[in-house]
Amino acid sequence: MRPVKIFAAIAALTLATTTFTPAAATAATGSAVRPVTACADLARGFALPGAPTHVTAAAVVAATATDPEYCGVAGYVEPAVRFELRLPTKTYAGRYLQYGCGGFCGLVNPPAFADCGLPHGGDVAVAATDDGHVGKTPAVVDDGSWGAHDQAARNDLEFRAPHVVSRASKAIIQAFYGAPPRKSYFTGCSDGGREGLLLAQRYPADFDGIDAGAPANYWGPLLGEYQTWLARTNSAADGSPILTAAKLPALHDAVLAACDRLDGLADGQLDDPRACHFDPATLTCRGADTPSCLTPAQVTVTRKLYSPPADAAGTLLYPGGQQPGSELSWAGWIIATPDTGGVAFARSLAENYLRYLGYPIGAPAATVDTFAFTRREFDRLTPVGVRYDALSLDLSAFQRRGGKLLLWHGWADEAIPPAGTLDYYQRLTDGRPQDWARLFMVPSLYHCGGGTTLTEFDPLKQLVAWVERGTTPTVVTATGRDAAGNVTRTRPVFAYPRRTVYNGTGSIDDAASFHPAPPSSPVRDVVHWAGEKLYGLPGPVAP
């Protein structure tokens, strides 16, 4: 099941899956807004400057047990940014929610009616986009070849698509309901998290609240340097993996045995893996090579995976590496499995980025096996990388207009090291929760979802309450589920840098058994690395 979860995170939208309960809107945003235009009449063009929009289909879709009746709209923004927009016909109360994409995108995932908590899911108009291109291999990691010679398609993925879809959706909402949305929200994870930060930085008027999970905002170094590092680190001369999936359970168990109690509670998770200084050499095979031990070569690989990539002089080329406690998530992402087609996802992403997307069109391109971990190659990736990156520290315009930014990241994220989000957050806020920006770090959570003990984290309700009620989020409850979908654990996650501490009584699987505490040491999350100039290099902006 693990590869399926990985695919859901990198090649699909981060969609809310809460059940919709049909009901009229309440006083939270006023009574339900009725359409003033027939759904079918939306099938026309919208002459938006810089974003000419064409609705190719519009039809009413009947209510189901989980969804309200809605006007389903499909269309595109020129040249080729496809989108889907769903407009509730009876329960809309003025909110617009746009979903981010994952991986290289390339397909429009039907947007779900999310439960915003004020009052029901059906009051939200929802939209999603393919970011301007059709993926060549939608069932796996998109191969990226569409970007080899198409700068317009690159522009859309790099920075343009989320913004122009926001403009198009709001124009259609205006036409359908007779008024623009009262409040607009964006939610996404991975590339969707990058898009959320990009929107706050470059298009601060587009959204009132942004939920950005595990953001890929260090895009150029993440795809070019870090994913290549993961692929190369675990590749033998013949291309086979050095560290195999069979070794991961024993490695993970050894990490927990060494570090689980460091946070004061033996609960199968590391609340802050940075406190864990596990040496994989303790698992070195003393005799036969078995799944319970590591060969010397595997010890070397594991140590490298826990470290960031660096050049020969020791300069870091990315601000983080794998965290202790994430080991079980390496299967599929770092280590190929049969379900991934025999190629690890890190290698697929890195190879396709380097070949087709990471360098200016026409410039010499590297491959995973020829890439040089040098400052020169880092700088060669920068001109294109900054077009994707969402690293600007100037969010003053977003802040001034009352925008709210809610960041979150899983401590056991195998795809995007959490150290990067911590580095960015401290640079942005000096590491302290702000009245407009908050960060939540979720123990044991993998990339966007899944995990060993906690598997789900969805702060959308808290974001909406923050924007509309002024209720600043201090805690969000994370949930753990087993393979059958049964809840096995709930745990409060407090706004970083506050810690979660056991009360001393009650079930360790019940969120009510925990309270917040200040950080045990001063926050020092800034990482000095080769890309520090990137925070001052804003990318291009679409009209």
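**View 1. Lining of the second largest pocket.** By class, 25 nonpolar, nine polar and nine charged residues make up the lining of the second largest pocket, where Ala, Val, Leu, Ile, Met, Phe, Trp, Tyr, Cys and Pro count as nonpolar, Asp, Glu, Lys and Arg as charged, and the others, Gly among them, as polar. The model is predicted, so that local features need pLDDT of at least 70 and side-chain atom pairs count only at pLDDT 80 or more, while totals for chains, interfaces and linings use all residues. Residues are numbered from 1 along each chain as its sequence is written, and side-chain values use heavy atoms, with hydrogens and water left out. The volume of this second largest pocket is about 950 Å³, and of the 43 residues that line the pocket, Asp-272, Pro-273, Arg-274, Ala-275 and Trp-411 are the closest to its centre. Two or more lining residues come from each of helix H11 (418–429), strand E12 (487–494) and strand E13 (499–502), with E12 giving the largest share, four residues. Helices (H or I, at least four residues) and strands (E, at least two) are DSSP runs, numbered from the N terminus. On a 1 Å grid over the protein atoms alone, a pocket is an open set of points with protein on both sides within 12 Å along at least five of seven lines, a cavity is a set of points where a 1.4 Å probe fits but cannot get out, and lining residues have an atom within 4 Å of a point. Grid points are joined across faces, edges and corners, and a volume is the space filled by probe spheres set on the points.

**View 2. The largest cavity.** The count of cavities of 30 Å³ or more is four, and the largest of them holds about 110 Å³ of space. This largest cavity is lined by 15 residues, of which Gly-103, Ser-190, Leu-222, Leu-223 and Leu-349 are the closest to its centre. Helix H4 (residues 219–233) provides the largest share of this lining, four residues, and by class the lining divides into ten nonpolar, four polar and one charged.

**View 3. The salt bridge between Glu-468 and Arg-95.** The side chains of Glu-468 and Arg-95 meet in a salt bridge at 2.8 Å, N to O, a salt bridge being a side-chain nitrogen of Lys or Arg within 4 Å of a carboxyl oxygen of Asp or Glu. Because Glu-468 lies in helix H12 (residues 460–469) and Arg-95 in strand E5 (residues 95–99), the pair ties together parts that are 373 residues apart in sequence. Arg-95 is buried at 1% relative accessible area, whereas Glu-468 is partly exposed at 23%; buried means under 20%, exposed over 50%, and partly exposed in between (1.4 Å probe, protein chains only). Both residues also belong, with Asp-123, to a network of salt bridges, and a search of the whole structure finds 25 salt bridges.

**View 4. The salt bridge between Arg-303 and Asp-279.** The side chains of Arg-303 and Asp-279 meet in a salt bridge at 2.9 Å, N to O. Arg-303 lies in helix H6 (residues 296–305) and Asp-279 in the loop between helix H5 (248–259) and H6, so the pair ties together parts that are 24 residues apart in sequence. Arg-303 is partly exposed at 40% relative accessibility, and Asp-279 is partly exposed with a relative accessible area of 34%.
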